[in-house]
Amino acid sequence: MFTRFWGSQEQQPQPQPQPQPRPQDGSSSWYPPSVSAVSSPSSSSRPAATPNASSFALHSPSHVPPSEAAGVIAVLKDKSVDELRKLLSDKDAYQQFLHSLDQVKIQNNLKDELCKENMQLVEENLQKEPRIVELRNQCRIIRTTELAAAQEKLNELEKQKEEMLKLNSPASLLQRIQEAMNATEEESENLHQQLLDREIDLAGFLQKYKKLRTAYHRKSLVHLAAKTSNV
């Protein structure tokens, strides 16, 4: 009896494991493999993972600020499993969800404002273009006419300045004083010769000769002072 009982127990068919459904290939999703693997992992012995809000957060880009990621997770928590799978497989649904986020709306509004400001700047620049062309033409005329005349006048004045500086240089002044002294000395010698030739009387000679010698010695003192003071 026990033998039949245990024998009957041994002959009972063992329950066969039910074949697991083959998970779908991640190639049907338009997401990159890192995101598609959340709902459609590669075929293995592990069962398919159910997408949830945390799955989206784990595979979000690393440069997303934690505050923004937390806001997205808070929105995804209210989604059902089917809705999350649809977001992974339907590009249009994902785009619609993406543009419904407050962060994306803020970025889109900011982009629109920047585009509007750029368009205003472009319009202002286009309005100023005729004035810019006019000023450019005026500059070209000034450069070819008035500037050339002004440059010529400047060169002339520079030349005059150089001549004046040369004439009034210390060496030039000393030379001019020396020439004046030589001229006074020569004039004194001529006056003395006139006295010897009796071409002038003694009274007239003394009066003129005194003036010439006084002028000569004054110039000589100035010349000597200029040389000794290293002017």
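This is a predicted model: local features need pLDDT of at least 70, side-chain atom pairs count only at pLDDT 80 or more; totals for chains, interfaces and linings use all residues.
The fold has nine helices and zero strands, so read along the sequence you get α-α-α-α-α-α-α-α-α. Of the contacts with a separation of 6 or more, 51% are between residues 24 or more positions apart.

**Helix α5 and its buried face**
- Helix α5 covers residues 81-89.
- The buried residues of α5 are three leucines: L84, L87 and L88.
- Look down the axis of α5 and these buried residues sit within an arc of 100°, so they line one face of the helix.
- L87 turns up again below, as one of the α5 residues that touch α6.

**Where α5 meets α6**
- Helix α6 takes in residues 91-100.
- The two helices pack with their axes 6 Å apart, at an angle of about 105°.
- Angles of 65 to 115 degrees count as roughly perpendicular, so α5 and α6 fall in that class.
- On the α5 side, the contact is made by K86, L87 and S89.
- On the α6 side, the partners are K91, A93, Y94 and F97.
- Sorted by class, the residues of this contact come out as four nonpolar, one polar and two charged.

**Where α6 meets α7**
- Helix α7 runs over residues 102-167.
- Here the packing angle is about 75°, and the axes of α6 and α7 lie 5 Å apart.
- That angle makes α6 roughly perpendicular to α7.
- From α6, the residues involved are L98, H99 and S100.
- They meet D102, V104, K105 and N108 in α7.
- By class, this contact has two nonpolar, three polar and two charged residues.

**Cysteines**
- For background, a disulfide is a covalent bond between the sulfur atoms of two cysteines.
- C115 has a relative accessible area of 43%, and that makes it partly exposed.
- C139 is also at 43% relative accessibility, and counts as partly exposed too.
- The cut-off behind those calls is simple: partly exposed is the range between buried, under 20%, and exposed, over 50%.

- P170 is in helix α8, which covers 170-196.
- With a relative accessible area of 38%, P170 is partly exposed.
- P170 and A226 are 56 residues apart along the chain, yet their C-alpha atoms are separated by 8.4 Å.

**R198, a residue with positive phi**
- R198 is found in the loop between α8 and α9, the latter being 202-228.
- Its phi is near 55°, a positive value in a residue other than glycine.
- R198 counts as exposed, at 76% relative accessibility.

Notes
Residues are numbered from 1 along each chain as its sequence is written. Side-chain values use heavy atoms; hydrogens and water are left out. Buried means under 20% relative accessible area, exposed over 50%, partly exposed in between (1.4 Å probe, protein chains only). Axes are lines fitted to C-alpha atoms, for helices over the stretch in contact, and angles run from 0 to 180 degrees between N-to-C directions. Helices (H or I, at least four residues) and strands (E, at least two) are DSSP runs, numbered from the N terminus. Angles under 35 degrees count as roughly parallel, over 145 as roughly antiparallel, 65 to 115 as roughly perpendicular and the rest as oblique. Contact means heavy atoms within 4.5 Å. Ala, Val, Leu, Ile, Met, Phe, Trp, Tyr, Cys and Pro count as nonpolar, Asp, Glu, Lys and Arg as charged, and the others, Gly among them, as polar. The arc is that of the directions from the helix axis to the C-beta atoms.
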